[in-house]
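Trainee: I would like to learn how to read a structure feature by feature. Could you walk me through one?

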Amino acid sequence: MNMQSTLTQHDLRSGADWIACETAEVQKSFLDELTEAELLALPFMFDFWAMPHQLPPDGDWRNWVIMGGRGAGKTRAGAEWVRAAVEGSRPQDQGRCRRIALVGETLDQVREVMIFGDSGILACSPPDRRPQWHATRRMLIWPNGATVQAFSAHDPESLRGPQFDGAWVDELAKWKKGTDTWDMLQFALRLGDAPRVCVTTTPRNVGVLKDLLKMPSTVVTHAPTEANAANLASSFLAEVRVRYAGSSLSRQELDGVLVEEAEGALWTLPMLEAARLHDLPPMDRIVVAIDPATTASKASDQCGIVVVGAVTRGPVQDWRAYVLQDASTTGLSPTQWAQVAIDLMHEWQADRMVVEVNQGGDMIETLIRQIDPLVPFRKLHASRSKGARAEPVAALYEQGRVFHHGDLGALEDQMCAMTPFGYVGKGSPDRLDALVWAVHELIIAPSAHMRNPRVRAL
């Protein structure tokens, strides 16, 4: 059937958005113009209903990774990609692919999610081209003879022998034998002119996914959970956003962002999740720490500005630090970021501003004094490497003495890329540097002084 009399082919790729934004009269007119066959076909025309991240990118790619949050519509996109690959214009016509492998974490998940699930292949298929499930062969067979065969990532060797011209891989980042299974699948993709793989996954910091994303033949579409909000319970979105706001788990499971953890990192994702808290105690001291940007251009490093409080009642070993806000900025002039920091001093009723002055020296203090002469100000000079300065702060996290409050995802990304030998992330870890200075000022330096008044930390 052909709906181009009503919509152009370009419009079909965003038809649902178009019709949803029109008036009731336009919507009724659109439906009235369709034939009975077109009305019956409309629910199964995924190009019309799909969100942008659910449609295959253009170009010459081998691996398409759909990386999204929970409920972002990844399974539906994978199922529809399989349909588009195996189906022809009519039920008996051949499609681009004849044999496709379905690989999930377990056979049960392949069957219950990818095949029989609410967004699986069978639920997406129109009656005239609905495939039949042959349980003993673990295979779907279409009316045109195309097949898909189910495999478990727990059994990489089961992919030794079969051959395919396409594959749909689900939740790759969860596979315990991810690398072995992925490698065996590559050897099986040897039919047709250009075998392709659709990968649907929530991101995790695992080697097989990171290696795949680095390949030049890989393309990526990405979406947070909210992208599919129309098909999710509003109470679900409200609950998980409140419960996990600002956490690395939220960035991974809801935003669909790959939070990488460097080998040998001083901070790990479990460590940061253990530091999360929602209710703050009364603070004994609060500081605003600044790691200044070297320039004001948008391409420059950030100006790290972090607010940290501390509870310092009782013995030194009971002191605790609380990271309250990350207000780091990019592209602001020195006067502008100085004003941001001073505003935070007043907002949090902070006791002191601490600033690294290796670059800028007395000019930074002069700048601050010009805006607010009464700001309590301390200059700090870095004499050791970033990794060496960060290690004692990371040790406090390991002891459960530093906590995170609020949205600190970007800061935590930098923390997971800091090793004892230096920073392995992109750019400079300005947010982390500011955090390190703050914790040194609040906990480490006074602790060292109390143990030995003649010793000054940093």
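Trainee: Let's begin with strand 9 and strand 12: how many bridges join them, and do they run parallel or antiparallel?

Mentor: Two strands pair if DSSP finds at least two bridges between them. Here strand 9 (residues 285-291) is joined to strand 12 by 4 bridges, and the two run parallel. Within that pairing, I290 stands opposite V355 in strand 12. The strand numbers come from DSSP runs counted from the N terminus, with strands being E runs of at least two residues and helices H or I runs of at least four.

Trainee: Before we go on, what kind of model is this, and how are residues numbered?

Mentor: It is a predicted model, in which local features need pLDDT of at least 70 and side-chain atom pairs count only at pLDDT 80 or more, while totals for chains, interfaces and linings use all residues. Residues are numbered from 1 along each chain as its sequence is written, and side-chain values use heavy atoms, with hydrogens and water left out.

Trainee: Now strand 5. Why is it described as largely enclosed?

Mentor: Strand 5 (residues 147-152) has 5 of its 6 residues buried, so it is largely enclosed by the rest of the structure. Strand 2 (residues 99-104) pairs with strand 5 in the parallel sense over 6 bridges, and G104 stands opposite S152 there. Strand 4 (residues 139-141) is joined to strand 5 by 3 bridges, running antiparallel, with L140 and V148 as bridge partners. The hairpin of strand 4 and strand 5 has 5 residues between the strands, and G145 takes a positive phi near 95° in it.

Trainee: Which residues other than glycine have a positive phi?

Mentor: Two cases to look at are E171, with phi near 50°, and Q349, with phi near 55°. E171 is in the loop between strand 6 (166-170) and helix 9 (178-188), and at 16% relative accessibility E171 counts as buried. Q349 is in the loop between helix 14 (334-348) and strand 12 (352-356), and Q349 is exposed, with a relative accessible area of 67%.

Trainee: How many aromatic pairs does the structure hold?

Mentor: Rings of Phe, Tyr and Trp (its six-membered ring) pair if their centres lie within 6.5 Å; planes under 30 degrees apart count as stacked, over 60 as edge-to-face and the rest as tilted. The structure holds 5 such pairs. In one of them, F116 and W133 have ring centres 6.0 Å apart and planes at 90°, so the pair is edge-to-face. This pair links distant parts of the chain, 17 residues apart: F116 is in the loop between helix 7 (107-115) and helix 8 (121-124), and W133 is in strand 3 (residues 132-134). F116 is partly exposed at 41% relative accessibility, and W133 is partly exposed at 22%.

Trainee: What about W267 and Y397?

Mentor: They form an edge-to-face pair too, 5.6 Å centre to centre with 90° between the planes. W267 lies in the loop between helix 12 (248-253) and helix 13 (269-274) and Y397 in helix 16 (residues 386-398), so the pair ties together parts that are 130 residues apart in sequence. Both W267 and Y397 are buried.

Conventions. Buried means under 20% relative accessible area, exposed over 50%, partly exposed in between (1.4 Å probe, protein chains only).
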